[in-house]
Each structure stands twice: as structure tokens, then as C-alpha cells.
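Dear colleague,

I am passing a structure on to you, and I would be glad if you could look through it before reading my notes. The notes follow below it.

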Amino acid sequence: MTKVIFQEIIRVSLSDSFDHSPADKNYMSLTLRIDERQSKSEKEFTFNLSKEEDPRFVYSLPLRRSNYDSLRHEQDLVCDFDSFPKMIADFIRDLQRSSSSYLKGSITDDKSLFRFELIAKMDFKWVCVVSLCLHALSDAALVIHLVDRVLLLKKQLRELNNVRDNLVEAQAELKKLKEAATHTAKEQLERIAALEAEKNEALAREKAVEERLTEEIEDLKTDREMLSTEVSMLRQEVIDFRARVDGLVEENVSLKERERTLNDTLDSVEDRLDISEQKATELAVALEERDEEIDAKMCEINNLREMLEVSEAENASLQAKLRELREDRDRWRADNEKGIKIINKLYKEQKERRARCDEIQSSSLLGRVRQLETDLEERKRTIDAMSESNAQLRGQVENVVAECAKAKKDAEEWAAKYDKKEKMLGDLLKLRHNTSPIGAPLMQLGTTPVPQTPIVYPRMLGWSTMTGQLTTPLRTSPYARGPQLSVPNNENVLPASTPTTSQLAPTQPNQS
């Protein structure tokens with residue numbers, strides 16, 4: 001069983017001299033990979049150094065416990081076999097934070113060996129901490145390594161095809177969502193227009209009713225004050241007449257009859273006030289029913305708003321999925337470009353090998369090389385097709401991103417409109433609760449003036465000057481002779497209609 005315990009790109013200073021000073025060094029970027037292979041008998045670590053630009057640059061060193069013991073005695077290492085890879089990985093990670101260490105490498109003339117050294121500064125002197133001698137891979141091992149790379153590229157190609165299919169499905173789903181959002185937006189526009197018209201009509205009716213009620217209540221208050229003043233004056237006159245004229249029995253009887261008449265008039269006025277209060281109660285009940293209908297419409301608006309929030313959540317999830325697909329596309333595109341570069345270099349190297357293949361006497365090896373060349377050409381054509389497919393997918397993803405941005409903008413506009421309407425409805429409900437109905441519309445009273453007839457008392461007991469001409473405000477009042485209440489014409493009274501939520505337009509409520 002093999003597992004990778006460390007893999008990272010490192011910068012190695014190439015130098016053939018024994019001077020460990022890092023000044024004026026030529027650095028090369030290499031990939032260091034440490035594999036751990038556990039067999040039944042023992043554990044083995046494999047150190048691999050490779051170069052992305054040169055596929056033939058592959059050096060490897062298998063290290064077992066027996067080999068490590070000799071290496072440990074030669075280089076005076078203090079760590080054991082199991083912690084040796086961790087020591088090298090920690091040294092490489094500390095290079096970014098410390099300037100007193102670096103990595104050094106040297107290649108033999110025949111390029112068969114690569115010496116990898118870890119250099120650190122100790123006691124003002126550069127010292128080699130660890131030195132590993134890695135061997136170049138043989139031709140067979142190199143071919144196996146290249147085949148593994150080709151298989152990896154095939155796997156990446158399959159993953160790219162899956163991503164392309166997912167993008168096509170996402171595009172179809174986004175198109176359906178766009179059509180549904182457009183249809184919903186049209187319906188909501190129509191409903192909002194109807195709501196605004198109904199709201200304007202309800203506000204106008206309510207304002208007219210409030211003005212009429214206010215005028216009628218003021219008139220009733222004035223009449224009640226006049227009646228109260230008249231009753232108090234009449235009672236005072238009765239007391240005065242009783243004190244001055246004890247013997248005028250007939251006059252006293254007439255005054256009592258007058259008092260009873262006034263009391264009857266007062267009772268009729270009180271009955272009218274009771275009727276007015278009853279109508280005010282009925283209007284209050286009607287207003288409560290309107291408030292209940294408004295609450296129902298508010299619930300409907302809240303439901304629409306929840307549907308809008310669900311749409312926004314789905315839009316956000318699609319955008320997150322789109323971002324993930326874009327990141328995968330960029331990563332796979334970078335890997336494809338690297339693969340194309342490697343295959344181009346391999347293709348050039350294969351052309352150079354064709355000239356050297358004439359000197360190879362083994363026909364079996366020549367056939368395998370030709371087969372590899374054919375396979376590499378097919379992989380190159382496949383990668384070209386993948387590049388074209390990636391370009392098409394990039395254009396499709398850009399179109400999907402533009403459509404998502406437009407849908408998000410529409411959703412934000414609708415959310416702002418719904419917030420504004422909710423605020424207007426809140427202001428209207430607050431105005432309704434603060435303004436309680438004072439009274440119901442009263443019936444129109446008769447306005448025909450009654451001619452004023454002075455009352456002349458007879459001469460009794462020699463009192464020729466005791467004539468009282470009552471000219472109080474009650475005689476000029478429409479309630480003096482107790483006229484019947486006239487019922488208003490139904491055509492002149494506005495019918496009370498219950499406003500619906502569609503009548504609540506985004507206008508400023510009346511604060512008067």
C-alpha cells in the first residue's frame with residue numbers, strides 16, 4: 001500500500017562546487033514527493049524529484065531501514081527512520097520563514113545521479129545537514145511514469161465532460177427559473193396596480209365620511225348647548241314667577257304645561273341622540289370589519305414576500321454552484337494547459353528519438369516507441385478538442401452569469417417595492433387605530449324657520465306690566481316644535497364600502 005506523505009514545489013540551487021554559500025546561485029523549481037510504501041516485511045520511503053517542464057527529469061531514491069542506518073552513521077543524523085521524512089518536510093517548510101537555510105542540488109555529467117542537499121548556517125558557517133543521492137529512472141520506469149501521467153490526463157478529461165454536462169443542465173434550469181420569474185413579475189404588477197386603485201378610492205371615501213361626520217357632530221354639540229341654556233333659563237323663570245305671583249294659579253298651570261312641553265322636546269332630542277349613538281356603534285363595527293379585511297390582505301402580502309425570499313434563496317444557491325463550477329473550470333483549464341505543454345515537449349522529444357531509433361538493434365523496443373508516439377499524437381488531438389469545448393463552456397458560463405445578475409437585480413427591485421408597500425400599510429393601520437369614530441352620520445334636520453310668536457300674559461291682580469315675552473334661543477331652534485327627523489335620500493349618501501388590500505397604494509396617508 002502506497003500513500004503520499006509530502007508533495008510540494010521547491011527551489012533548488014544548482015551548483016557543482018563545494019562552497020555552500022547561497023550568493024549568486026542558479027535556482028530551479030522542482031517537485032519533491034515523498035511516498036510511503038508499507039509491505040508485509042518492512043516499510044520503505046521513496047524520494048522523487050521531478051520537473052514540470054522536462055518529463056525526463058525524474059530522479060528517485062528508495063530508502064529502507066537498513067539503508068537508512070548506513071546513511072545515518074555516515075552523516076551523523078539524530079532522527080530515526082520513521083521521523084526522517086517529517087524532518088525533511090519541516091526543514092522545507094521553514095525555508096519561507098528563515099533566510100539561514102536553502103536547498104542545493106548537483107547533477108553528474110551523464111545525468112544519471114542527482115545529489116540533493118539541505119544546507120543550513122551554523123556558527124557563522126554553512127553546513128550540509130542531509131545529503132541524498134537520487135538516481136535517474138531507467139527507460140522502462142520512465143515509460144511507466146509517462147503512462148501514469150497519460151492515465152491521469154484521461155481521468156481529468158472524463159471529469160471535464162461531467163462538468164460540461166452539469167453546466168448544460170444548470171443552464172436549462174436557469175432558463176426555466178427566468179421564465180417563471182418573468183411570469184410572476186407580470187402577475188404581481190397587475191395586482192399591485194389594482195391594489196393602488198382600490199386604495200385611492202377607499203381613502204377618498206373615508207375622507208369624505210370623516211368630514212361629514214365632523215360637521216354633523218359640531219352641529220349637534222351647538223344644539224345641545226342651546227337646549228341646556230334654554231332649560232336653565234326656563235327653570236329660573238319658573239322660580240321667579242312662583243316667588244312674585246303666588247296667586248296666579250292659571251298662569252302657574254300654563255307655565256307647568258310649558259315646562260312639560262319643553263321636557264317632551266328634550267326627551268325627543270335625547271331619543272335622537274340615542275339613535276345617533278347607535279348609528280355610531282354600527283359604523284364602528286363596519287370599521288372593525290374593514291380592519292379584519294385589511295389584516296387578511298396583509299397576510300396575503302406576507303405570503304408573497306415569503307415566496308420572493310424563497311426565490312432569492314434559490315438564486316443564491318445557483319450563484320454559489322456557478323462559482324464552484326467556475327473555480328473547477330479554471331483549475332482544470334490550468335491543468336490542461338500544463339498537460340498540453342508537457343505533451344508538446346514529449347512530441348518534440350519523440351521526433352528526436354526517431355533519429356536515434358535507427359541505432360537501436362532491438363525491434364521490440366522500436367515498436368513500443370512508435371506505439372507511444374501514436375498514442376501521444378492521439379492525446380494531443382484529444383486535448384485540442386478539450387480546449388475548444390472549454391472555450392464554448394466559458395461562453396455559456398458568462399451568459400449564465402449575466403442572466404443571474406439580471407434576475408438578482410429584478411428580485412432586489414421587487415423586494416424594495418414590497419418593503420415600501422408594507423410601510424404604507426403600517427402607516428394606514430396606525431392612522432386607523434389612532435383615529436377612532438366619534439359618531440355616525442346623522443339624519444338631516446328640517447331647516448324651515450318657525451315664525452316667532454311672543455307670549456302675552458293676561459293682566460291679573462293689577463299687574464299690568466307683568467307680561468313676559470319669551471324670546472329665548474329655543475324658540476328659533478329647529479327643535480322648538482319637535483319636528484320629525486327627515487330621512488336623507490339614499491342617493492346623496494355615499495355607500496360604505498370595505499377597502500381591499502389592492503386599494504392601498506404607496507401614497508402618503510392623510511395625517512389631518
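Helix α3 (residues 139–244) and helix α4 (residues 249–357) pack with their axes 4 Å apart, at an angle of about 170 degrees; helices here are DSSP runs of H or I with at least four residues, strands are runs of E with at least two, and both are numbered from the N terminus. Axes are lines fitted to C-alpha atoms, for helices over the stretch in contact, and angles run from 0 to 180 degrees between N-to-C directions. The two helices α3 and α4 are therefore roughly antiparallel to each other, a term used for angles over 145 degrees. Their contact has 25 nonpolar, five polar and 13 charged residues, where Ala, Val, Leu, Ile, Met, Phe, Trp, Tyr, Cys and Pro count as nonpolar, Asp, Glu, Lys and Arg as charged, and the others, Gly among them, as polar.

Please bear in mind that this is a predicted model, in which local features need pLDDT of at least 70 and side-chain atom pairs count only at pLDDT 80 or more, while totals for chains, interfaces and linings use all residues. Residues are numbered from 1 along each chain as its sequence is written, and side-chain values use heavy atoms, with hydrogens and water left out.

Turning to the strands, a closed barrel of seven runs in the order β1-β2-β3-β4-β7-β6-β5, with mixed pairing; two strands pair if DSSP finds at least two bridges between them. From one strand to the next, the twist averages 40 degrees. Strands β1 and β2 run antiparallel and are joined by 12 bridges, and Val 12 has Met 28 in β2 as its bridge partner. Strand β5 (residues 101–107) pairs with strand β6 (residues 113–122) in the antiparallel sense over seven bridges, with Tyr 102 standing opposite Ile 119 in β6. In the hairpin of β5 and β6, which has five residues between the strands, Lys 111 takes a positive phi near 60 degrees. On to strand β7 (residues 125–136), β6 is joined by 10 bridges, again antiparallel, and Ile 119 has Cys 128 in β7 as its bridge partner. The hairpin of β6 and β7 has two residues between them, and Asp 123 in the turn has a positive phi of about 55 degrees.

With kind regards

Definitions and conventions. Parallel < 35°, antiparallel > 145°, perpendicular 65-115°, else oblique.
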